[in-house]
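Here's a quick walk through the fold, the sheet, the cores and one surface patch. Have a look at the chain first.

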Amino acid sequence: MSMKKWARWKVPAAFVLVILLPVLLAALTLSQGWYEAGTRSKGHWLSQEIYLLQPLPAHQSQWRLVYLEDSGCEGECRQVPVLMQRIQSALGRNLDKLALVQLNSDAPSFETNAKLATEIKAGDLMLVDPQGLAILRYQVPTNTAQWPLFGKAVLSDLQQLLKYQRGVQ
């Protein structure tokens, strides 16, 4: 008799399980922090609009990878321009869509602009759009052994931005 009872509830129980299991797994994923909403980029998005460079002419649509030189730099940080060149060359056929720029962080505009001081600091790499707006900030690792992974992260963001830009044009 108990087999007949189970046979009668087997289909409704399976239906409830199929409906509830994904909901329970989603709730578990969110409660455990396994999901990071909306974070595909590897860099830090700036919370304020900072126009770091002059806009490019309308016929140019280059992104710019900007290194904010640290005047007190000794050692590995002097090799950051080489890292920037490697990132640019890794773009392959799109390497002409990225310009490399070095800015001296001792410039008066950096020292007097409080908005800049809260968002960026010397030694950072910045991704700047063709209009001169700084979009993403990257803190360059002090250990050069981490540079290959860091370069891949910057490259990944660049490729996503170029892909999006191609779709907009």
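## Fold at a glance

Starting from the N terminus, the elements run α-β-β-α-β-α-α-β-β-α, which makes 5 helices and 5 strands. Helices here are DSSP runs of H or I with at least four residues, strands are E runs of at least two, and both are numbered from the N terminus.

Keep in mind that this is a predicted model: local features need pLDDT of at least 70, side-chain atom pairs count only at pLDDT 80 or more, and totals for chains, interfaces and linings use all residues. Residues are numbered from 1 along each chain as its sequence is written, and side-chain values use heavy atoms, with hydrogens and water left out.

Of the chain's 169 residues, 33% count as buried (under 20% relative accessible area; exposed is over 50%, partly exposed in between, with a 1.4 Å probe and protein chains only). Take the contacts (heavy atoms within 4.5 Å) between residues at least 6 apart in sequence: 71% of them join residues at least 24 apart.

## The sheet

The 5 strands form an open sheet in the order β1-β5-β4-β2-β3, with mixed pairing; two strands pair if DSSP finds at least two bridges between them. At the edges sit β1 (44–45) and β3 (98–104), each with a single partner strand, so one side of each has no neighbour in the sheet. β1 pairs with β5 in the antiparallel sense over 2 bridges, and H44 faces R137 in β5.

## Two cores

A nonpolar core is a set of buried Ala, Val, Leu, Ile, Met, Phe, Trp, Tyr and Cys residues joined through side-chain atoms within 4.5 Å.

| Core | Size | Members include |
|---|---|---|
| Largest | 23 residues | L65, L125, L158 |
| Second, separate | 12 residues | L52, V66, M126, V128 |

In the largest core, L65, L125 and L158 touch the most other members. β2 (63–69), α2 (80–89), β4 (124–128), β5 (134–139) and α5 (147–168) each supply at least two of its residues, and α5 gives the most, with 7 residues. Leaving aside neighbours within four places in sequence, L158 is in contact with W63, I87, L91, L98 and L127.

Which residues make a nonpolar surface patch of about 600 Å²? They are F15, V16, V18, I19, L20 and L24. L20 lies in helix α1 (residues 2–32) and is partly exposed, with a relative accessible area of 43%. Patch residues have over 30% relative accessible area and no salt bridge, with like charges joined within 9 Å and nonpolar side chains (Val, Leu, Ile, Met, Phe, Trp, Tyr) within 5 Å; a salt bridge is a side-chain nitrogen of Lys or Arg within 4 Å of a carboxyl oxygen of Asp or Glu. Areas come from the Shrake-Rupley method with a 1.4 Å probe, and for residues only the protein chains shown count as cover.
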